[in-house]
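Take a look at the model below.

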Amino acid sequence: MARDIREADWKVLRQLHEVALNRFCQRVLSDVESIATDGSRTPHQRYLALYEAVQRRDKEMAQVFDNPRRSTAFAQIAALRSRDLLENEEFLRFSEEVRALVELFRESRA
């Protein structure tokens, strides 16, 4: 999908970018806390699990949030939507055209 996003929708994405990033980071921190306090693992096992989790989530964060561009906005919105990083009310702020294209994009990736 090589379409550029309209200005109004781009502004919505830019506004929601930080909200979604903070939501993502909160999930990572919750995961890290859960791993760090898992009494069924040794400290070394917890450390290794933390290291792996942070590396994995860092790659995911880069894929979803790094270098936002108009030419990839539909894919970015779809990625946010598929990870439940946008609330329904937030997603509804986008135009009907964007919502339809994002849903088509998500379906084609499934």
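In this predicted model, α1 and α3 pack with their axes 11 Å apart, at an angle of about 40 degrees. Their crossing is left-handed. Which residues of α1 and α3 meet here? From α1 come Trp10, Leu13 and Ala20. From α3 come Ala73, Gln76, Ile77 and Leu80. Sorted by class, this contact has six nonpolar residues, one polar residue and no charged ones.

Next comes α2, which spans residues 43-65. The helix has 23 residues. From first C-alpha to last, α2 reaches 32 Å, close to the 33 Å expected at 1.5 Å a residue. Which residues of α2 are buried? They are Ala49, Ala53, Arg57, Glu60, Val64 and Phe65. Two of these, Arg57 and Glu60, belong to the charged class. The cover over the buried residues of α2 includes α1 (7-36) and α3 (73-82). These two helices are also the pair whose packing was described above.

Now step back to the whole chain. The protein chain has five helices and zero strands. Read from the N terminus, its elements run α-α-α-α-α. Is the chain spread out or compact? Its radius of gyration is 17 Å, while the globule rule gives 13 Å for 110 residues. The value is well over the rule, so the chain is more spread out than a compact globule. Taken along the principal axes, the C-alpha atoms fill roughly 50 × 25 × 25 Å. Of the 110 residues, 31% count as buried. Contacts also reach along the sequence. Among those with a separation of 6 or more, 68% join residues 24 or more positions apart.

Asn67 follows α2 and is found in the loop between α2 and α3. Asn67 is not a glycine, yet its phi is positive, about 55 degrees. Asp84 is found in the loop between α3 and α4 (88-91). Asp84 is likewise a residue other than glycine, with a positive phi near 55 degrees. Is Asp84 buried or exposed? Its relative accessibility is 55%. Exposed means over 50%, so Asp84 counts as exposed.

Conventions. Residues are numbered from 1 along each chain as its sequence is written. This is a predicted model: local features need pLDDT of at least 70, side-chain atom pairs count only at pLDDT 80 or more; totals for chains, interfaces and linings use all residues. Side-chain values use heavy atoms; hydrogens and water are left out. Helices (H or I, at least four residues) and strands (E, at least two) are DSSP runs, numbered from the N terminus. The expected span of a helix is 1.5 Å times one less than its number of residues. Buried means under 20% relative accessible area, exposed over 50%, partly exposed in between (1.4 Å probe, protein chains only). Contact means heavy atoms within 4.5 Å. Axes are lines fitted to C-alpha atoms, for helices over the stretch in contact, and angles run from 0 to 180 degrees between N-to-C directions. A crossing is left-handed if the near helix is turned anticlockwise from the far one by less than a right angle, and right-handed if clockwise. The radius of gyration is taken over C-alpha atoms; the globule rule is 2.2 Å times the number of residues to the power 0.38.
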